[in-house]
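Hi,

Here is the structure I promised to pass on. Have a look, and then read on for what turned up in the pockets and the strands.

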Amino acid sequence: MQIAEVELVPIALPFARPYATARGTLERREMLLVRLITDEGLVGLGEAVPLALRGGETLDEVVRGIRKAGRRLRRAGLGDFAGPEPMRAVVDVFIHAVAGRRVPGPAKAAVEMALLDLAGKASTRPVWSLLGADAPGPVRCNATLVAGEPAEVAADAERWAQRGFSTFKLKLGTGDDVAQVRTVREAVGPDARLRVDANGAWSLEEALGVLKMIEPLEIELVEQPVADLRGLAEVAAGTSIPVAADECVATSKEAARAVRAGACSLATVKLAKVGGIGAANGIARELPIYLSSALDGPLGIAAAAHAAQALPFEGAAAGLAHGLATQLLFSDTIAARESALDGDGLSPPDGPGLGVELDEQALERLRI
């Protein structure tokens, strides 16, 4: 079996309401559907989300990265995907496709995702099984609250709470941060878990000032309060709130550097940012991790839901909710079957591979 075609389909999923953070506001999420079509009719599905809002690659740069990898993918033999060790075969083909090439993280994640989907379909096994998990279970997720006026954010938190969520992530750095946190705490009560994320937008002085004022509100953690590792280390030394790295930890080397600097207690890992599940596991060897979405579509969320069955979540990350319920932020989808949310529990789709089935009519409607 070989790959006969690498098909790339740009799409945009609309948000139910504008997604506002310290980095900017989005009305829709552009992404790339990847289909690896084999000469035997099997199709592996993947997805790439650009990280331009975070200073990363644009959609065009991600397209170029996948095309680079695609030239090698077409030369790879995939016969072992149906054999006794499909995961080993995936790793071999993935390394062959991206090694020594400047392939952006979102492109690597999409290629890995599609290869895993293809291997799962060829071996009739779900991706969580390929990754070594014994059985799937629901992944507890946090609510993601879009930045806004305090009363508006609190009302949003109440809506998430009614769905069954008990951990709430506030996007800060756009207005009266302290008022937002205080109002949400009053709305959801003392037992709820609150975490905050400034996306690196605060100065050191702003970060220390805001965190000092919200410490009494029992904050679970703060994600990327300032932009660089040196600043994170100073924040970590100046607050009792655990600091989680995001934008400044995208590789295992950066994770090791963060540990040496005393910059953070843990890191949140986005598969698109780091380059896939294998890269996420490498970071977890250096630093405790939990997963979060890069505003992924249904394939990216499914990949993360499968990965969560097998990745280690230890130390400071043990028991934390993951930021993977972002499918609720969108008003449309390209999936006929995708990961299911029951309360705050996210389960990967049933079936071989990722388990995602596409809605072809929706795909045409959302194509850009």
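The lining of the second largest pocket divides into 7 nonpolar, no polar and 4 charged residues (Ala, Val, Leu, Ile, Met, Phe, Trp, Tyr, Cys and Pro count as nonpolar, Asp, Glu, Lys and Arg as charged, and the others, Gly among them, as polar). Those lining residues are Phe15, Ala16, Arg17, Tyr19, Val146, Asp156, Arg159, Trp160, Arg163, Leu328 and Leu329. Two or more of them come from each of β1 (3–21) and α5 (150–163), and the pocket holds about 230 Å³ of space.

Before you go further: this is a predicted model, where local features need pLDDT of at least 70, side-chain atom pairs count only at pLDDT 80 or more, and totals for chains, interfaces and linings use all residues. Residues are numbered from 1 along each chain as its sequence is written, and side-chain values use heavy atoms, with hydrogens and water left out.

A pocket here is an open set of points on a 1 Å grid over the protein atoms alone, where a 1.4 Å probe fits, with protein on both sides within 12 Å along at least five of seven lines; lining residues have an atom within 4 Å of a point. Points are joined across faces, edges and corners, and a volume is the space filled by probe spheres set on them. Helices (H or I, at least four residues) and strands (E, at least two) are DSSP runs, numbered from the N terminus.

On to the largest pocket, with a volume of about 710 Å³. Its lining has 31 residues, and Lys108, Ala250, Val274, Gly275 and Ala279 are the closest to its centre. By type, the lining splits into 16 nonpolar, 7 polar and 8 charged residues. α2 gives the most, with 6 residues; α3 (105–123) and α9 (252–261) are among the other helices that supply at least two.

Now the strands, which pair if DSSP finds at least two bridges between them. β1 runs antiparallel to β2 (residues 24–38), joined by 14 bridges, and a hairpin of 2 residues connects them. Glu5 has Ile37 in β2 as its bridge partner.

There is also an open sheet of 7 strands with parallel pairing, in the order β5-β6-β7-β8-β9-β10-β11. β5 (143–145) and β11 (289–291) are at the edges with a single partner strand each, so one side of each has no neighbour in the sheet. Within the sheet, β9 (residues 243–245) and β10 (residues 266–269) pair over 2 bridges, and Ala244 stands opposite Leu266 in β10.

Cheers
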